[in-house]
Amino acid sequence: MAMNPSEAQPFMAPPPPTGLTYSWQNLRAQVPISRQSGFASCFTQCPPRCGRNREPIVDQGSEALNGGLVRDDQASKVVLDDVSGIVEKGDLCAILGASGAGKSTLLNALTMRNVDALEISGERYCNSELVTPESLTAQSAYVQQDDMFIGTLTVREHLQFQARVRMDRHFNAKERMDRVQEVIAHFGLDNCADVLIGVQGRIKGISGGESKRLALASEVLTDPLLMFCDEPTSGLDSYMALTVVETLKNMATEGKTVIITIHQPSSQIFEMFNKILLLANGRVAFHGSREDAEGFFRSMDMIVPQYFNPADFYVQKLAMVAGKRDESQSQIQKICDTFQSSMWGSQLRDKLAKNASPEDSASTKVSIRASVSKYKVSWWRQFSALMTRTYLATIKEPLIAKVKIISTLVVSLVLGFIYYGQKHDQAGIMNINGAIFIIITNLSFENIFAVIMVFCNELPIFLREHANGMYRTDVYLICKQLVETPVFIITTTITVVILYLMTGMNPDPLRFLGALGIALLLTQVIVSFGYMISCIVPNAQVGNDISPVLILPFMLVGGFFLNNLSIPTWLIWLKYISWFKYANECLVINQWSGVEEIDCDEGVDWGCIHTGDEVIARLGYDKANMTFNLVMMVVFSLVYRLIGFVVLCIKSRRRN
């Protein structure tokens, strides 16, 4: 349902008792050139607009670098050059500028988010208090340009989860759900409240305008004093863009402090801003009210024509014109220098001085603010809410609930018919051992790729929500693995039951249960390895490309393609870190232990294998290794998960 801007009403929630003034002084950001190229960058960052797998920091890729200043030594590119500003309670401030001006980079620096590829210096203050990432996250909200949701949830389910983890702990369950309903009504999401959010190209869901309003609603739930929005009108038609900005204007009217970046606002939208900040080549060209902006440019004989959109006029004056780079650069420098020496620049410096506290040292301020936790609820509440969401997302995900189980069933049946009805004779030895290795190989590739495809695509959502102070890293990993474990148990059981019975392996029920138990433990090792790879690589494509390269050596020393006693000395270490070796030895021992009679071909007795123990010995295995092999698989499962957890913690910390 479309929402008429004129009908938007302020929230019924009481206004906050105090406002918030946010200021920043001498912000400087530069990009080390060495981080932008090289083979190692394949594993630490991805190209601009690389989809939903990673959010590049430098002004979404091109904006900060195209117009940034370059130092003589070429060691780094300056993206922001001593940028200062202030936004007070009740202000709706728009950051404007041409492409390459540094708008999104400035917003990232102000929010202390997505700054892992930048070197940033400068100060940021909230009501004269020097802020830290934790304290800023606790009292602000950030609506980023790319909307990221779990597409298999409905709008209501998404907002309910947000309310459970983001609203202060003193709210009870009823108050949280009432707040969700209030936000749904305010943003005109009633008609799509129980509709799936959707996944582009796979699951039909809500429209682009509804998605943008949902992103705003998610942040407004906590009634933040300070809100940042990166391109909130991007991808929307003029009416929906007006609706979104009208909502932000209402928030500012209620006493909030709102800072946004926006590209080419219409004249109607521009009139809603009571303060603007014009950027050019990473410098401040103007910062103040709309009326003062017109006066400043008039003082430089740059008069906005009648019936001309002022925003377009300002951006044109600050743009790098193709073929006139030197002239454009000279004009931009003149405008920026003039503003610094003008009365408007002097007034800005006076306001900044009042909102800062020069008498208090930076170290004192940081130590005061560092004690503020960015998490609104306890560990247990985070766990409960995330378990519920992960469960709903998993059971409604068609790739898991339908495709994965059906594909496992089909592949297992095909392999079962190929190995159907093997006997305990000389040919059967090779065929049964081949079926065992096929089980290991199939479980390995099937589960690793399944983990990488799902986990890598969800990782950007985790990084954003973790940066928003919604839940901890350990909570996310625990919930993810607890919910997905039953799925892996089901698919593994399907594979083992079909292949074991159709192949005609050891008919002893205890041997069957032993094989199933070994396969389930093997699956945990494989899934753990998949989690580790997913945490290390930047996106699913890289993970799918490097996984076979890592798995192939493990498979070759697993005991099927190369006898365990024939592995070259210089590669002997490789078999000790191969789950193929441990799982294959366990399954072979489980299959052939206790088999006392194996048929020989008629009339041929030489070279025959007569017992199961001989089969085990021919492969270079030892029944005494069974316990050690099982322990090693448990160790691998824990170590891979631990490595993944550590890498994920490092990734999440780097974003702040």
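Start with the contacts of the chain, where contact means heavy atoms within 4.5 Å. Among contacts between residues at least 6 apart in sequence, 80% join residues at least 24 apart. This is a predicted model: local features need pLDDT of at least 70, side-chain atom pairs count only at pLDDT 80 or more, and totals for chains, interfaces and linings use all residues. Residues are numbered from 1 along each chain as its sequence is written, and side-chain values use heavy atoms, with hydrogens and water left out.

**The whole chain**

Show the chain as a cartoon. You will find 23 helices and 11 strands. These are DSSP runs numbered from the N terminus: helices are H or I with at least four residues, strands are E with at least two. Switch to a surface view. The accessible surface comes to about 27,800 Å², and 59% of that belongs to carbon and sulfur atoms. Such areas come from the Shrake-Rupley method with a 1.4 Å probe; for residues, only the protein chains shown count as cover. Of the 656 residues, 56% count as buried. Buried means under 20% relative accessible area, exposed means over 50%, and partly exposed lies in between (1.4 Å probe, protein chains only).

**Stop 1: Leu92**

Select Leu92, in strand E4 (residues 92-97). Leu92 is buried, with a relative accessible area of 0%. Leu92 and Ala252 are 160 residues apart in sequence, yet their C-alpha atoms are 5.9 Å apart in space. Leaving aside neighbours within four places in sequence, the contacts of Leu92 include Val245, Leu248, Ala252, Ile260 and Phe273. Step along to Cys93, which is buried at 1% relative accessible area.

**Stop 2**

Select residues 22-32 and 119-126. These are strands E1 and E5, which pair in the antiparallel sense over seven bridges. Two strands pair if DSSP finds at least two bridges between them. Pick out Gln25; its bridge partner in E5 is Glu123. The hairpin of E5 and E6 has two residues between the strands, and Asn127 takes a positive phi near 50 degrees.

**Stop 2: aromatic rings**

Show the side chains of Phe, Tyr and Trp. The structure holds 33 aromatic pairs. Rings of Phe, Tyr and Trp (its six-membered ring) pair if their centres lie within 6.5 Å; planes under 30 degrees apart count as stacked, over 60 as edge-to-face and the rest as tilted. Zoom in on Tyr22 and Trp24, a tilted pair at 5.9 Å centre to centre, with 45 degrees between the planes. Tyr22 is buried at 0% relative accessibility. Trp24 is buried as well, with a relative accessible area of 0%.

Go on to Tyr582 and Phe628. Their pair is edge-to-face, 6.2 Å centre to centre and with 65 degrees between the planes. Tyr582 lies in helix H21 (residues 579-592) and Phe628 in helix H23 (residues 626-654), so the pair ties together parts that are 46 residues apart in sequence. Tyr582 is buried at 1%, whereas Phe628 is partly exposed at 43%.

Then select Phe270, Phe273, Phe286, Phe296, Phe297, Phe308, Phe313, Tyr314, Phe339 and Trp344. Together they form one aromatic cluster.

**Stop 3: Thr152**

Find Thr152 in the loop between strand E7 (140-143) and helix H4 (155-166). Is this residue, Thr152, buried or exposed? Thr152 is buried, with a relative accessible area of 3%. Not counting residues up to four places away in sequence, Thr152 touches several residues, among them Glu157, Leu196, Ile203, Ala393 and Pro398.

**Stop 4: the annotated segments**

Residues 477-501 are 100% helix and 0% strand, with the end C-alpha atoms 35 Å apart. Residues 513-537 are 96% helix and 0% strand, and there the end C-alpha atoms are 36 Å apart.

**Stop 5: the disulfide**

Finish with the cysteines. The structure holds one disulfide, a term for a pair of cysteine sulfur atoms within 2.5 Å. Which residues does the disulfide join? The disulfide joins Cys600 to Cys608, S to S 2.2 Å. Cys600 is partly exposed at 25%, and Cys608 is buried at 9%. Last, select Cys586, which is buried at 0% relative accessibility.
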